[in-house]
Amino acid sequence: MTGLRGGQPETGIAPGAEHAATAEAGGTLRAGGLWTDAWHDLVRRPLFWASVVVLVVMSVMSVVPGLFTSQGPNEGCNLRWSKVGPSAGHVFGFDVQGCDYWTQVVHGARPSMVIGLAVTIVALIVAVILGSLSGYYGGWLDSVIARVTDIFFGLPFVLGATVVLVAFPDHGIGAMCLVLVVLGWTTMTRVMRGQVIAVKDAEYVTAARALGAGGGRVMFRHILPNAIAPVFVVAMLNVGNIIAGEATLDYLGVGLQYPTVSWGLQLNVAQDFFLDYPHLLIFPAVFLSLTVLSFILLGDAVRDALDPRLQ
Amino acid sequence: MWRYVARRLLQIVPVFIGTTFLIYALVFALPGDPIQALSGGKPVPDSVLQALRDRYHLDEPLLVQYALYLGGLLTGDFGETFTGQDVFTLMSEGWAVTAQLAITAWLFELVLGVSLGVLAGLNRGRALDTLVLAGTTLVIAVPVFVVGYTAQLLVGLKLGVLPTAGIDEGWPVSYVLPGLVLGAFGLAYVARLTRTSLAENLRADYVRTAVAKGLPRRRVVLRHTLRNSLIPVVTYLGIDFGNLLAGAVVTEGIFNLPGIGQQVFSAIQSKEGPMVVGVTTFLVLAFLLVNLIVDLLYGVLDPRIRYAGSGARA
Amino acid sequence: MKRFVHGRLGVGLAALALVAAACGGGGSEESTTKTFSVALTEPAHLNPGDSNESYGIQVIQSLFDRLTELDPKTGEPKMQQAESITSNDQKVWTIKLKPGLTFHNGEKVTAQSYVDAWNAAAYGPNGWANNYFFGNIEGYDALNPEDPDEDGPKEAPKPESDEMSGLKVTDESTFEVTLTAPLSQFPLTLAYTGFVALPKVAFDDFKKFDQAPIGNGPFQMDGVWQHNREIKLKRFAGYKGNRPAKAAGLVYKIYPNNDTAYTDLQAGKVDVLLTIPAAKVPSAKRDLGERFLDTPAGTMDFLAFPLYDKRFDDVNLRYAISMAIDREAITKAVYNGAYKSSKSLVAPIVPGFRDDPCGQHCTYDPTGAKALYDKAGGIDGPLELWFSNSDPTYRQWMEAVANQLKQNLGISEIKFRSIPAADYLTTLSEHKATGPYRQNWVMDYPSAENYLGPLYGRDGGSNRGGYSNPQVDALISKGNGAKSIRESITYYQQAEDLVLKDMPVTPLWNWRQQSGHSDNVSGILIDPYIQLHVDKVVVK
């Protein structure tokens, strides 16, 4: 159901999140209680901690790669070592360019993490704003937003992204983020709209309005806090989606470019050589999958925690 | 109900025009001169350049080109590629392949996905359940191209059981491996969804009541729970069919299937506007229609839903 | 989506490279009923006048005979459909056809078949890819009026004629061609598939013809072109030419890329693959053994400098960049040794080729390179490397070059500009490339002139970097006007030396063609244009 899912069937779980989350969390629970309860539930889940650990490691890797390797990206490469397999001192072996593969894989964390998080945050903001407007005011505004959402919702991800990225060949991380946001905001917007509609007629909101609370106050104090939880869960699950989507574009050769180092690019090169040099495929694939997996598990755990019925 | 359908169909019109225009404008914005590129670096005489530009209306402004294109569509003319092939013919050949691939993948999702989900849901908390959960999570996390190459290497080349490329052996043999790879994600997802939904329903009041009333548990599960549990699964399966069609690009590339995914990917690179827009248009249309059908189906499965007006489910 | 051998694979002249298992002589197999398959990339067109890429030409060569072909040993033109091609002044040529030749539909191949085909190809409004090959025939201009204001709003007027005045049919089997200027190599150029004859039925509907061409070669279409799937051919029973087919038929199986085709070759699902992807070469050598073929090709890769950019004025900077690149290591790492590093501007298969005319300036020497780089005062701002996105290996070798320039010269910021294939040549022609760029050259005919004139001549059609040296121009014209090939070679070599000293480009490597075939077939002969000679293939 997500726009991203359209193009890359490999990851993400957002569709279900929409069902589960829309159905459950939209009720009249008090926001604070919901989150506190969820937290108490989360700390008891080993999978939650496992994914947190992986994600913390990956985040540190992307912020201060210097902790893991002394070399910069594409540094100290020697073609004589091209594709040589793992050995002592070079645990991951070397890539096609003869660069230390461990170093390259470590530096590959940054684009994935940055793009995954930045895209999700921006898309979440867009979704919350558009979804709230659409759900709260309804009418023609709702119709217009709904149709625009439909247009972007139906656009197949890989095709849409490929056209844009081929049209602007010297794109960097920023442009990649933009493309992924443009193609990835629709699901959350729909969930948000549904939530706002569900919450806005709740008794306590009516009560607040009856007591003379203004539109803005009702929106920010009463509707948003109660409507946002499921959207938040969808967003969290979406990070994995985005990361995998970005890697797919790199893999297809329309994504990031040298001198940027990314897992998707490494997998793109590996596809030519993996029969003879499997280490080229394995290491970035494991790092990428582990990161995506952790975001999914984290999202799953948070959803389950927020959803009292599934405990 | 019919008013609802009519309204939904009407809503498709602006979405359809918006999508085609968006794609058309993007292709228009692609840099490069497709005619010059066709020559592969050889000089192109003015007269030839002029003839080809006139033929494809390349000198017209964007809006005129788009209007000409829409006009053609209305008369059933999808345009032609720069190599003079009819886009509609090309597309229908590609669609046949992609549809077979998507159906295969979809069948995997339906049969394997639901079975695994039911098995896991009925054995919640036991080893089998854990195995299914772990396995499906893994499948969801590994990128499709890695799954594809690994499957090709292991099943095709090392074991030699199934074809690894092309469609020589037709459906279903040639489509088994690619279908499984394409459907892997959905399969895992369906299994998880079925499991969750089933588990949820098994704890529902009506089940407890039915069991308390003395009905055999097995019958309760089969007669009541399963049907209710499958509502979200059916919804997902329906919508996912559109996704499978659109998601075939990568799988088709790995397994060398001449489907629309391959066609449109190379069409983008060579700036073949009519091809890109044609394929995308069909994808979007299919997607919108499937969405509508699923919403209707949802009502059939769940009698509580009525198609009044702007219901909660958009 | 991957690995496009880029397009200007032109004239099928040239010394054919005989490949290991070649000479599949003997006529005993001719009665065979067996067929074979060849992996192919989807061609753009099968109409000979409109096809200029190697895939289309491969199929057309199976369907059509040409006027001439080239002797595999001497490179001399041999007659195919022509009985004789003669001229007194090299300007007016008389072409006489062999008797008894027919098209696949029984129609006779006549002088008119040729003249009509050539007029159609040269007629501007038809918009065919091989139009410009007819530019040296008298009367061509009347069929191709110029646009009065280039890209302006005015359009080129409609041509006043659809027949070139330089073509005259004298009798059923003879016609006369008048050129705009003398050209001694005219019989050679006729070996190109753009010059074949067309049957009358073609002119009824060119579009339909493109889908199932009726030719006059050893094979004929068996059904229509199944786009993106296959092109099926069967032996032409009424064939009277000089290259009868040994197999009963062949199928061109169309693949989106050579990787998948290679997978099928391994699985025995396709008999011949002309281009094994470089990444698969080491394993192919191992797996295919005797069935692995390595053919020298005429194609060269260069790194060219944008001479219109002041930053590249200093020749020492260009030397430095050239000397900082380890060509040998790159061909090994990226191309798995499939290509051969080069220090020359021409390919080894060309007469007059010398191993190392470039010397120290093309020899990997990091220390020397750094010294020259410092002497030149380095380079301002980021260095941008330009290439087209049509093949993933371009990015891989550019990455190796970038890493070496960083390490050996200390250039800190290097960026990639990967341009869509459709836009690449235009970008270069308009001098928009702001840094060294990939330059590729596919030869048209095996002569040093074909490598030097178009690329380094002041008015060379493919001189996109703005290089100009009057001495080089003079030497090239001297070579062109020389009386013998040997004499011309000395001039060309002097020109090559001068160009290398100026270094508008630095040679990188020379392509080789790695092909493979299955156990089913023998007699596989592949020429430097990546063309398989289908008539010689024997199916076991």
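**Chain B and a helix pair in chain A**

Analyst: Gladly, and since this is a predicted model, let me begin with burial: of the 314 residues in chain B, 47% count as buried.

User: ok, and how many helices and strands are in chain B?

Analyst: Chain B has 13 helices and zero strands, so that its pattern along the sequence is written α-α-α-α-α-α-α-α-α-α-α-α-α. Among its contacts with a separation of 6 or more, 73% are between residues 24 or more positions apart.

User: how many residues of chain B are in contact with chain A?

Analyst: On the chain B side there are 49 residues, and they are in contact with 46 residues of chain A. Several helices of chain B give two or more residues to that side, including helix 6 (127-141), helix 8 (173-202) and helix 13 (273-301).

User: which helix gives the most?

Analyst: That is helix 1 of chain B, with 10 residues. By class, the side of chain B that touches chain A divides into 38 nonpolar, nine polar and two charged residues.

User: switching to chain A, how do helix 6 and helix 12 cross?

Analyst: The axes of helix 6 (residues 109-137) and helix 12 (residues 215-251) of chain A come within 8 Å and cross at roughly 145°, and the crossing is right-handed.

User: and which residues meet there?

Analyst: Among them are Ile115(A), Leu124(A) and Tyr136(A) from helix 6 of chain A, and Met219(A), Val231(A) and Glu246(A) from helix 12 of chain A. Taken by class, this contact has 16 nonpolar, five polar and one charged residues.

How values were computed. Residues numbered from 1 in each chain as written. Chains lettered and ligands numbered in written order. Predicted model: local features only at pLDDT ≥ 70, side-chain atom pairs only at ≥ 80, totals over all residues. Helix = DSSP H or I, 4+ residues; strand = E, 2+ residues; numbered from the N terminus. Buried ≥ 20, exposed ≤ 12 C-beta atoms within 10 Å, placed from the backbone. Contact = placed C-beta atoms within 7 Å. Nonpolar A, V, L, I, M, F, W, Y, C, P; charged D, E, K, R; others polar. Axes fitted to C-alpha atoms, helices over the stretch in contact; angles between N-to-C directions. Left-handed = near helix turned anticlockwise from the far one by under 90°.
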